[in-house]
Amino acid sequence: MIHMTERAAAKVKEIATAEDLINQGLRLRVIGGGCAGFKYDLYFEDSVGDMDEQFESNGVKLYVDPLSYQYLENTEIDYIEGDHGAGFKFNNPNTNGTCGCGSSVKF
């Protein structure tokens with residue numbers, strides 16, 4: 001299961017409304033890259049693959065491919081705003097650490 005906080009779900013809905021993507025779900029992926037080896041990717045998508053895991057959290061549809069799901073299981077996604085910017089934060093119990101800049105993770 002993957003959970004999205006109310007604050008993150010509200011931000012996703014705000015973006016979806018502004019971009020006229022209200023009927024689409026949010027694709028979550030783990031892809032290769034970054035100094036620690038992997039990074040998170042999320043974007044709006046209207047199609048679901050046959051093997052995708054599908055969730056709904058706080059009114060947001062989430063789509064995850066099987067490979068990414070093994071890395072994202074039990075992850076909580078939050079949205080944070082601070083002095084250094086704003087963005088989605090993945091609180092993932094499956095990681096073994098992050099890089100110095102915090103934009104990529106190790107599994």
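These legends accompany close-up views of a predicted model.

View 1. Welcome to the aromatic rings, where the count comes to six aromatic pairs. In one of them, F38 and F107 sit edge-to-face, with 5.5 Å from centre to centre and 75° between the planes. If you wonder why two numbers are quoted, a pair of aromatic rings is described by the distance of the centres and the angle of the planes. The F38–F107 pair links distant parts of the chain: F38 is in strand β3 (residues 38-45), while F107 is in the segment after β9 (105-106), 69 residues apart. How exposed is F38? With a relative accessible area of 26%, F38 is partly exposed. F107 also counts as partly exposed, at 25% relative accessibility.

**View 2. A stacked pair joins a strand and a helix.** Here the rings of F55 and Y69 are stacked, 5.7 Å from centre to centre and with 25° between the planes. F55 belongs to strand β4 (residues 53-57) and Y69 to helix α2 (residues 66-72), so this pair ties together parts that are 14 residues apart in sequence. Are these two residues buried or exposed? Both F55 and Y69 are buried.

View 3. Now find K11, which has its place in helix α1 (residues 6-18). The side chain of K11 is joined to that of E14 by a polar contact of 3.1 Å. Which residues does K11 contact once neighbours within four places in sequence are left aside? They are Y79 and F88.

**View 4. The largest nonpolar core.** In soluble globular proteins, nonpolar side chains tend to be buried together. The largest nonpolar core of this model has 19 residues, and those with the most contacts inside it are I2, M4, L26, L28 and L62. At least two residues of this core come from each of α1, β2 (25-32), β5 (60-64), α2 and β6 (76-82). Which element gives the most? That is α1, with four residues.

**View 5. M4 and the residues around it.** Zoom in on M4, one of the residues with the most contacts inside the largest nonpolar core. Not counting residues up to four places away in sequence, M4 touches A9, V12, L26, S57, N58, V60, L62 and I77.

Notes: Residues are numbered from 1 along each chain as its sequence is written. This is a predicted model: local features need pLDDT of at least 70, side-chain atom pairs count only at pLDDT 80 or more; totals for chains, interfaces and linings use all residues. Side-chain values use heavy atoms; hydrogens and water are left out. Rings of Phe, Tyr and Trp (its six-membered ring) pair if their centres lie within 6.5 Å; planes under 30 degrees apart count as stacked, over 60 as edge-to-face and the rest as tilted. Buried means under 20% relative accessible area, exposed over 50%, partly exposed in between (1.4 Å probe, protein chains only). A polar contact is a pair of N or O atoms within 3.5 Å; within protein, one must be able to donate a hydrogen and the other to accept it, and residues adjacent in sequence count only if both atoms are side-chain atoms. Contact means heavy atoms within 4.5 Å. A nonpolar core is a set of buried Ala, Val, Leu, Ile, Met, Phe, Trp, Tyr and Cys residues joined through side-chain atoms within 4.5 Å.
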